[in-house]
Amino acid sequence: MSHNTFGHLFRVTTWGESHGPSLGCVVDGCPPGIRFTRADIQAELDKRRPGQSRFVTQRREPDEVKVLSGFIFDEDGETMITTGTPVSMLIENVDQRSKDYGEIARQYRPGHADYTYEVKYGVRDYRGGGRSSARETAARVAAGALARKVVPGVVVRGALVSMGEKSIDRANWNWNFIGDAENPFFTPDPASVPVFTQYLDGIRKAGSSVGAVIEIVADGVPPGLGAPIYAKLDQDIASGLMSINAVKGVEIGNGFEAARIT
């Protein structure tokens, strides 16, 4: 299986499965001299960590990152300085419960990659989906945390702006509320939390599910990123986002609304 690498100058390869002993990433092309700490990486992983509310997977993973290569320690013994060689990071799986997937071993899940994997490769990892599990995104978060250090002038933020039929009030937008302990939805609108809570509880009690829309904003992006034709910045952004399991559509700028602008 190929296609486990994303990027050109800053190349990220992720590896590992949902129920394997560990997963991680290798970052190739990271410039030398970038200073970071394990806490810098861990802070981003903690935002993604599963089991933090009843609205997400209840799998309990600490997602503690280990940086294995591509650095030397500064004199303080804590700060790492990249050497320009590949930076490898590892995250152990400690709460994988494969027995919970016993019945799935004998049937395909609708809307999942089970059938496709078996037809294409002749084998599938039914224990949480293997490489098709969203657990793979933990490795992306670790790599992204390092990328933030490479381009410190670029600020990338995201927020949930709608869920099913419910949407936020943009007049209440508050970026500082995104990481609030009482905000399990990463919404920028404090008033939307009880609305989303009641709505999603009803969806769950009905035995159903619902999607959401995430809005991502990048500030401080320098001109000239990407390249013509097959390496446009919009193209790479859309490709990276669409590779996340649950993502089924990407709009950039006005998106499809641009068709209505005269």
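**Exercise 1. Work out in which order the three strands of the open sheet stand, and which of them are at the edges.**

Step 1: The order is S10-S9-S11, with antiparallel pairing (two strands pair if DSSP finds at least two bridges between them; strands are DSSP runs of E, at least two residues, and helices runs of H or I, at least four, numbered from the N terminus).

Step 2: Strand S10 (166–167) and S11 stand at the edges; each has a single partner strand, so one side of each is left without a neighbour in the sheet.

Step 3: Strand S9 (residues 155–163) is joined to S11 by eight bridges.

A word on the source: this is a predicted model, where local features need pLDDT of at least 70 and side-chain atom pairs count only at pLDDT 80 or more, while totals for chains, interfaces and linings use all residues. Residues are numbered from 1 along each chain as its sequence is written, and side-chain values use heavy atoms, leaving out hydrogens and water.

**Exercise 2. Find what links Arg157 to S11.**

Step 1: Val217 is the bridge partner of Arg157 in S11.

Step 2: The side chain of Arg157 also meets that of Asp219 in a salt bridge (3.3 Å, N to O) (a side-chain nitrogen of Lys or Arg within 4 Å of a carboxyl oxygen of Asp or Glu).

Step 3: Asp219 in strand S11 and Arg157 in strand S9 are 62 residues apart.

**Exercise 3. Decide whether Arg135 and Asp63 are buried or exposed.**

Step 1: Their salt bridge brings the closest N and O atoms to 2.6 Å.

Step 2: Both residues are buried (under 20% relative accessible area; exposed is over 50%, partly exposed in between, with a 1.4 Å probe and protein chains only).
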